Amino acid sequence: MSYIKLTKPLLNDLSYSKEKEIILTNRLGAYCSTTVSLCNTRKYHGLLIAPQPQIDKQHHVLLANLDETLMKGDTGYALGVHQYPGVHFPEGQQYMESFSLEQTPKWIYNMGEVLMEKEILLARETNTLMVRYHLLEGKGKFKLQLRPFLACRNYHTIRTTDTNSQATFEEIINGIKFSMFPNYDPLYFQNSKKGVFVPTPDWYHNIEYQKEQERGYEYAESLFVPGYFEYTIQKGDELVFAAGTAETKARALKSNFKAEKERITPRKDFESCLLNAAEQFIIYENGNTFIVAGWPWFGQWGRDTFIALPGLTLSLNKPDIFRLVLDSMLKELKDGFFPNTGRGKNAAYNSVDAPLWFIWALQQYALYTKDSKKVWELYGDSIKSILHNFKNGTHYNTHMLKSGLISSGDKNHALTWMDAMQDGAPVTPRFGMPVEVNALWYNAVNFALQAAGQSGDEGFVNQWNTYPELIKNSFIITYWSEMKGYLADCVEGEYADWSFKPNQLFAISLPFSPVTNDMAESIVDKVKDELLTVRGIRTLAPSDPAYKGTYYGNQYTRDMSYHQGTAWVWLLGPFAEAYIKVKGTEAIDFVKKLYKELEPAIVELGLGTLCEVYNGNDTVPGGAISQAWSVAEILRIKQLIDQYSVKKERTSKNKSSKTKELYNL
């Protein structure tokens, strides 16, 4: 029995099945995403969504839906589902008997004496969607009709009828080559079984996307159907339909489907779901390797890349991919800064912490390889560039003060991970000295000195060896409150923000910590009491008047709560790391409980993966359906559990051995 499985009552209930989403990706950056009802609820949904670099280097929805109709004489079973104003039509979900997600999404349709199986996958190395149909039960011959619904538009937009479309097609082996707009890649529709294509070009209007309406965006679309493909099938027949941006060998589709399926990590338990999800964030583009920050609408973000990189690669024993991503990102290093978003001419260098997270990622690599010397030989120049630029001054007034601490930014910019903006200003102003920036700075300087020392770089060591003590003393003086028992979130001049937020966790979780053990324990206990939820860490304490415990609604409403109480899954990683550092091996049972309690999250929004955020008040999921640093940090928690469980077992054995020796005496 499959680990992730939905039964008929849940599938037939659109209020449930439209809330459960699937995401499939390939190495080229293409993806397939929809709901288990197969009714698209987002403009980002579609069966084949692929980059179109010749247009704008962004993702475009090519094939939005593929509607099936199974015909027996005059009787037809329409299996598609679309939402129109006030109605769903057709209502194919009524025939869904079961859904499972192991290697591929798989549906069983039950139409009385007729049973049909359907499963889909996205080819790993080509932008090709493959749909496999298998008629399990049914007397006599049937006609299977497939109708492709096409959008051909940027995934951030909505398609309306376009009278300038130049729809043309030509026959190819077992299918057609179709072009809707001359600037788009043509689409190749092919099948493993010879059939016919019947051209009946038409527009379908007012197809609604429920999630876009809820999020305050335009939500009604027009989609183009060029016609339908028809195939004759009977019991036992299996056929594979392909839609892609390049022609394929139709006769090889069945074997190709089987081979592609065997390459997919099966989702058999919580951990294997995380492993499967981790693979879906790695993409290859023009000789570079990148991490997608979140599916379906995020691109390649610098900060997110460095935070997620160790969990997505080193936790899975894939150091080669770690290096490929790092080397690709280093091509964009400029004046000690990495792009927050974009690359080249489109790069936005507005992330003060990304360079410091880069050094942390290298530190994790050094711990993995147990070779800081090699890391310094390979990346020492990049580390030096970052530290010297931060010290002497770089973008956004980022510079080191006489205290040794880093100050950056102004009231008009959001340079930390709490970066929501409204009306041209940060929702959560954190200019000056954000606490995690200086925790990362202290950690970076210490690691650099450690690696340089092991490599014999005496010049660097002599230049920087006095800074750790200066930074540490200044950090405690600047941020710590003995009376409050925690650290200020941000300091600018004489002003200190004492709202209780999770950013101070990094002053404990990072390998080099600038706080004392007593301070660390006080902070961790308070975070546990006020910010910890079973789905993440709140971004603001509920006792704060500015706290917002729900994340919903239009862009403005969501931005106002994004970092003002919303719980983030990825923050469980640094919390678990900090908790173990403070409490020792005895903390493992508690961290195991956190990990176990998160397991239901993989069926709460994006099936088989972890989403971006949750309400601070409850376990209602939100944001991107699959987020890189969410998956990465929970994988790191599993790694921490495994490491410290071994240490705990050794400690227990040592105690037992000493006890036996005592009794023997």
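Guide: Here are some questions about a helix pair, a core and a lysine. This is a predicted model, where local features need pLDDT of at least 70 and side-chain atom pairs count only at pLDDT 80 or more, while totals for chains, interfaces and linings use all residues. Residues are numbered from 1 along each chain as its sequence is written, and side-chain values use heavy atoms, leaving out hydrogens and water.

Visitor: Why is lysine 43 counted as buried?

Guide: Buried means under 20% relative accessible area (1.4 Å probe, protein chains only), with exposed over 50% and partly exposed in between. Lysine 43 has 7% relative accessibility, so it counts as buried. It is found in the loop between strand S3 (31–35) and strand S4 (46–51). Among the residues it touches, not counting those up to four places away in sequence, are Arg153, Tyr155, Glu212 and Tyr217; contact means heavy atoms within 4.5 Å.

Visitor: What makes H6 roughly parallel to H8?

Guide: Helix H6 (residues 302–313) and helix H8 (residues 354–369) pack at an angle of about 15°. Angles under 35 degrees count as roughly parallel, over 145 as roughly antiparallel, 65 to 115 as roughly perpendicular and the rest as oblique, so H6 is roughly parallel to H8. Their axes are 8 Å apart. On the H6 side, the contact includes Phe306 and Ile307, and on the H8 side, Trp357 and Phe358.

Visitor: Which residues have the most contacts inside the largest nonpolar core?

Guide: They are Phe189, Leu387, Trp441 and Ile634, in a core of 207 residues. Helix H10 (residues 435–455) gives the largest share, 13 residues.

Terms used: Axes fitted to C-alpha atoms, helices over the stretch in contact; angles between N-to-C directions. Helix = DSSP H or I, 4+ residues; strand = E, 2+ residues; numbered from the N terminus. Core = buried A, V, L, I, M, F, W, Y, C linked by side-chain atoms within 4.5 Å.
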